[in-house]
Amino acid sequence: MLSFTIRRLLLAIPTLLFISLVIFLLLEASPGDPLADVPLTVPPEVRDRMRAALGLGEPWPVRYLLWLKQFFWVEPLYWFDHWFGTDFSQGAQRIVSFQSRSPVFDVIAQRLPQTLIVVGMSYVVGILIAIPIGIISAYKQYSWFDQLGTFVSMIGFSMPTFFTGVVLIIIFGVNLQWFPSVYDTTLVVRDWDSFLAQVRQMVMPVTVLALYNAAQISRFMRSSMLDNLGQDYVRTARAKGLSERVVVLKHVLRNSLIPVVTVIALGLPAVFGGAIITEQVFKVNGLGQLLISAIHASDIPMVLTLTFIFAILIVVFTLIADILYGVLDPRIRYD
């Protein structure tokens, strides 16, 4: 397992470098100008100096290599200095946003807690709902519970999140006024009342995303359970006199989780990326909203850094899913 992990990590290096180059070239070729909002009354020589200050006067290979150096060397050194009080990154130029003129990673660190709280909670809730529904639906195939779970899953998976979000806002935010329709990112939990206010404003965005995640994962869980319930080892376990609880929860569930782990692991980067549409609907000031605003402003350093971080997360969690295969199924060996 160790040699497999090392091989995959070494293979990930050229893969991520190629991904970063593709993302950079796509952004370079995309229309838009970070100085588009500058008034037309600004003299051309001033505009040229502003462009040079943003680093746009250099050829794209130079800017790409500079970004790689800042991402893999300067930024880790800065955060090492921040945590341990050293000064290794003193004087080094960090990745700076065109839009806010602030270091990109500082802005990401400010937005990350909102995304983790809302989107991360919705993913956990979706998993906790989906796995039991998938198990019961498969074990009681074609029962009323299975039919109801299939119906709800089809609704949750087929309806886009922006539609269910608007419906919940109209019903529970406008008509009934049970929950706030706009997420207050400035709210700080200090006492019981502020905690309840935080829970109330999280209910609708978490419900929208949890319904979508649960619909997808429960379908995979049900299908995988049905495939394993008809296997020979299940009949053998029952013939040995094992109880149904042991057969289903110990033997069938463990093997059924193998394909589901892939779905869950590959969905985890979305937690950090944020649900872009849902954050826009409920005005959650997270990473998804940050990415949208950066695209609108042609903020290449911010868009490039965010998308590359998402690519890193996908590669890492894919590796974690492969490792978990060997943990869940002893028959799988990589060495």
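Ser298 follows α11 and has a positive phi, near 55 degrees. Helices here are DSSP runs of H or I, at least four residues, numbered from the N terminus. This is a predicted model: local features need pLDDT of at least 70, side-chain atom pairs count only at pLDDT 80 or more, and totals for chains, interfaces and linings use all residues. Residues are numbered from 1 along each chain as its sequence is written, and side-chain values use heavy atoms, without hydrogens and water.

**Helix α11**
- Helix α11 spans residues 287–296.

**Nonpolar surface patch**
- Leu2, Ile6, Leu10, Ile13, Leu17 and Phe72 make up a nonpolar patch on the surface.
- Together they have about 590 Å² of accessible area (Shrake-Rupley method, 1.4 Å probe).
- Patch residues have over 30% relative accessible area and no salt bridge, and nonpolar side chains are joined within 5 Å.
- A salt bridge is a Lys or Arg side-chain nitrogen within 4 Å of an Asp or Glu carboxyl oxygen.
- Helix α1 (residues 2–29) gives the most, with five residues.
- Ile6 lies in helix α1.

**Second largest pocket**
- The second largest pocket holds about 400 Å³ of space.
- Of its 16 lining residues, Phe71, Phe105, Ile108, Ile309 and Leu313 are the closest to its centre.
- A pocket is an open set of points on a 1 Å grid, with protein on both sides within 12 Å along at least five of seven lines; lining residues have an atom within 4 Å of a point.
- α3 (60–84), α4 (104–139) and α12 (300–328) each supply at least two lining residues.

Methods: Patch = residues over 30% accessible without salt bridge, like charges linked within 9 Å, V, L, I, M, F, W, Y side chains within 5 Å. Buried < 20%, exposed > 50% of the residue type's maximum accessible area, 1.4 Å probe, protein only. 1 Å grid on protein atoms, 1.4 Å probe; cavity = no way out; pocket = protein on both sides within 12 Å on 5 of 7 lines; lining within 4 Å. Points joined across faces, edges and corners; volume = space filled by probe spheres on them.
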